[in-house]
Amino acid sequence: MEIALYAIYLYLSGLSLRQTARALKAAGVSRSHEAVRRWVHRLAEVAQQLVLMERARVAVVDETAVNVGGRTAWLWLAVEPERRAVLALALTPARNALVAYGLLADLRRRGVRHVITDAAPWYALAARWARLRHSVVRGGVRSYVERFIGAVKDRLRGFDRYFPSPRRLLESALRLAYAWAGFYNYARVHMSFGEPPRPLPGATELERLAALVRGGG
């Protein structure tokens with residue numbers, strides 16, 4: 001358990017899967033980068049459940065193109081603006097109003113009544129379908145969402161290079177993204193707050209990550 005926890009922490013702190021495996025080997029523990037990926041995926045199942053239980057009244061929503069296994073996909077992100085907690089992630093092969101509506105409808109079921117986006121036309125239509133108040137903002141509140149997306153894209157670069165199988169590609173990549181979102185929400189110190197957006201019990205990032213691995217307790 002301790003080895004897996006430390007490997008997950010190294011990966012989510014910024015090392016690639018292969019760099020994490022090399023760091024373990026330097027400490028006298030031989031594990032493959034594939035073993036590290038499996039550990040991260042198991043964490044992701046818990047992290048996704050916790051993230052999708054989050055509720056908010058307002059959500060900032062954005063999307064960007066990412067490369068997953070040599071194919072272009074669209075990464076969608078919803079964040080609660082006050083504490084900047086991640087509310088939802090999605091990876092889809094298309095970008096349109098129907099896809100946006102699926103994300104906004106889920107947010108409405110979790111209490112969201114107001115979404116903030118850029119001026120992309122699919123958001124206005126999707127917000128109307130989901131019966132949500134819709135505001136268009138450039139910069140400001142959306143800037144930290146864009147920074148978070150950049151961090152998730154960094155995590156997916158390792159996936160692109162080492163796991164190019166076309167089968168269940170988006171599902172696997174989304175798991176890696178949710179693992180990072182769980183670390184961000186519940187364990188990693190946010191410089192603006194001096195703690196995570198939704199801190200789990202523990203005095204350090206590693207202790208809070210251990211609580212996340214245990215299912216949030």
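Colleague: Which residue just after helix 8 takes a positive phi?

Modeller: That residue is G215, with a phi of about 105°. Please note that this is a predicted model, in which local features need pLDDT of at least 70 and side-chain atom pairs count only at pLDDT 80 or more, while totals for chains, interfaces and linings use all residues. Residues are numbered from 1 along each chain as its sequence is written, and side-chain values use heavy atoms, with hydrogens and water left out. Helices (H or I, at least four residues) and strands (E, at least two) are DSSP runs, numbered from the N terminus.

Colleague: Which glycines with a positive phi follow helix 1 and helix 2?

Modeller: Helix 1 is followed by G14, with a phi near 135°. Just after helix 2 comes G28, at about 90°.

Colleague: Where does R84 lie, the residue with a positive phi although it is not a glycine?

Modeller: The general idea is that most residues other than glycine have a negative phi. R84, however, has a phi of about 65°, and lies in the loop between strand 2 (71-79) and strand 3 (86-92). R131 is not a glycine either, and its phi is positive at about 60°. R131 belongs to the loop between helix 5 (121-129) and strand 5 (133-136).

Colleague: Is R131 buried or exposed?

Modeller: Buried means under 20% relative accessible area, exposed over 50%, and partly exposed in between (1.4 Å probe, protein chains only). R131 has 60% relative accessibility, so it counts as exposed. S172 of helix 7 counts as buried because its relative accessibility is 13%.

Colleague: Which residues of helix 2 are buried?

Modeller: In helix 2 (residues 17-26), they are L17, T20, A21 and L24. An α-helix has 3.6 residues a turn, so residues three or four places apart point the same way. The face turned away from the buried side carries the exposed residues R22, K25 and A26.

Colleague: How many of the 11 residues of helix 1 are buried?

Modeller: In helix 1 (residues 2-12) the number is 8, so this helix is largely enclosed by the rest of the structure. The buried residues are A4, L5, A7, I8, Y9, L10, Y11 and L12.

Colleague: At what angle do helix 1 and helix 7 pack?

Modeller: Two packed helices are described by the angle between their axes and the distance between the axes. Here the angle is about 95°, and the axes are 10 Å apart. Axes are lines fitted to C-alpha atoms, for helices over the stretch in contact, and angles run from 0 to 180 degrees between N-to-C directions. Helix 1 is therefore roughly perpendicular to helix 7, a term that covers 65 to 115 degrees. Y9, Y11 and L12 of helix 1 meet L176, A179, W180 and F183 of helix 7. These contact residues divide into 7 nonpolar, no polar and no charged. Ala, Val, Leu, Ile, Met, Phe, Trp, Tyr, Cys and Pro count as nonpolar, Asp, Glu, Lys and Arg as charged, and the others, Gly among them, as polar.

Colleague: Which members of the largest nonpolar core touch the most other members?

Modeller: A nonpolar core is a set of buried Ala, Val, Leu, Ile, Met, Phe, Trp, Tyr and Cys residues joined through side-chain atoms within 4.5 Å. Of the 75 residues in the largest one, L12, V61, L89, L104, L107, F148 and L209 touch the most other members. Helix 7 (residues 169-186) gives the most to this core, with 12 residues. Beyond its neighbours within four places in sequence, L89 is in contact with L75, W76, L77, F148, L174, A177, Y178 and A181.

Colleague: Against which helices do the buried residues of helix 8 pack?

Modeller: They pack against helix 1, helix 3 and helix 7. The buried residues of helix 8 are E205, R208, L209, A210, A211 and L212. L212 has a relative accessible area of 0%. Not counting residues up to four places away in sequence, L212 touches L43, V46, A47, L50, G182, F183, Y186 and L200.

Key. Contact means heavy atoms within 4.5 Å. Angles under 35 degrees count as roughly parallel, over 145 as roughly antiparallel, 65 to 115 as roughly perpendicular and the rest as oblique.
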